[in-house]
Amino acid sequence: MKHEDGYFTGPGGLEIYHQSWLPDQEARAVFLLVHGMGEHCGRYGNLVDYFVPKGIAVYGLDHPGHGRSGGKREFVRTFDDFLKALRRYHKKVVAQQPGKPVFILGHSMGGTIALEYLAAFQDEFKGVILSSPSLKPAEPPRPVIRTACRFLSYFLPMAGVLKLDPGAISRDRRVVDAYLEDPLTFKGKTPARLILHMLEAMNRIMENAPQLSLPILILQAGMDRLVDPSGAQEFHDRVGSLDKNLHIYDGLFHEVFNEPERERVLKDLETWLEAHLYSTDQ
């Protein structure tokens, strides 16, 4: 396995960090990894270790305001900043792996970003994989909370309003401890502006779901306390693709690739991937 990393200039002149894990032989396909809120693309070792030896190249970037990338933590001027950074990186990946089938893989907030991106660029992918995507809040915000987020987003956009519970990411204590000890994960309260952008993006995604025609695999944690698992079912039911698969893993927490049952989840992903690598139907 070969590892490469570096930076490119993203929206607003921010330095955006990226890294890739490449098989020793020519890659059979590419995962374009889109990580979740408050974390970074380096937290997917189980995915990398499973798929790269099988000939799948994994490419990921740290979103603006995340990981090693520049910007205020978990802050973007607009949701488009995520999409613009991803667009620039996607082009770099395709240039490095010309002609290879590319699957976009989004986890949590990364699923939200991926689906917003696909609204314009789904023709450039072979399929989409969602891991516990943020499509419905774990606790629906009351109207007063939405109003407060709009107010703060305009006047105090960096005001923290929501803090992630690290204990909800996995039932494996080693995963939680590693998250807490990782200097690149954000452990403060998410700014109001990002919360507002996320809520707005979730609404757009549900409205636009019928237009998504790519093959889609959704891997949803059944005991997810960070997103509402019913959002995955609702999206699955609304999405326009005729080739759609939803796995809900009873008892698993949010990060399904980091749960004790991860081998089962990774095998389900492998089975789906092998069936779609060389298929011609979309």
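**Notebook: aromatic rings, a crossover and some loop residues**

I began with charges over rings, and found that Arg87 lies over the face of Phe121, at 3.7 Å from the ring centre; I count a charge as sitting over a ring if NZ of Lys or CZ of Arg is within 6 Å of the ring centre and within 35 degrees of the ring normal. Arg68 lies likewise over the face of Tyr17, with 5.2 Å to the ring centre.

I note here that this is a predicted model, in which local features need pLDDT of at least 70 and side-chain atom pairs count only at pLDDT 80 or more, while totals for chains, interfaces and linings use all residues. Residues are numbered from 1 along each chain as its sequence is written, and side-chain values use heavy atoms, with hydrogens and water left out.

**Aromatic pairs**

Rings of Phe, Tyr and Trp (its six-membered ring) pair if their centres lie within 6.5 Å, and planes under 30 degrees apart count as stacked, over 60 as edge-to-face and the rest as tilted. The pair of Phe8 and Tyr89 is stacked, because the ring centres are 5.9 Å apart and the planes stand at 5°. Phe8 belongs to strand 1 (residues 2–9) and Tyr89 to helix 2 (residues 80–96), so this pair ties together parts that are 81 residues apart in sequence; helices (H or I, at least four residues) and strands (E, at least two) are DSSP runs, numbered from the N terminus. I find both Phe8 and Tyr89 buried, where buried means under 20% relative accessible area, exposed over 50% and partly exposed in between (1.4 Å probe, protein chains only).

I then turned to Tyr50 and Phe51, whose ring centres are 4.9 Å apart with planes at 65°, so the pair is edge-to-face. Tyr50 and Phe51 are both buried, and together with Phe31 they form one aromatic cluster.

Phe51 is placed in helix 1 (residues 45–51), and its relative accessible area is 1%. Leaving aside neighbours within four places in sequence, I list as its contacts (heavy atoms within 4.5 Å) Phe31, Ile56, Leu266, Leu269, Glu270 and Leu273.

**Strands 9 and 10**

I looked up the pairing of strand 9 (residues 216–221) with strand 10 (residues 244–249), which is in the parallel sense over 6 bridges; two strands pair if DSSP finds at least two bridges between them. Leu217 has Asn245 in strand 10 as its bridge partner. From strand 9 the chain crosses through helix 7 (residues 230–238) to strand 10, and this β-α-β crossover is right-handed, that is, with the strands pointing away from the viewer, the path from the first strand over the helix to the second runs clockwise.

**Loop residues**

Arg43 lies in the loop between strand 3 (29–34) and helix 1, and at 12% relative accessibility I count Arg43 as buried.

Glu74 sits in the loop between strand 4 (56–61) and helix 2, and is buried with a relative accessible area of 3%. For Ser108, also a residue other than glycine, phi is positive and near 55°; Ser108 lies in the loop between strand 5 (102–107) and helix 3 (109–121) and, at 10% relative accessibility, counts as buried.
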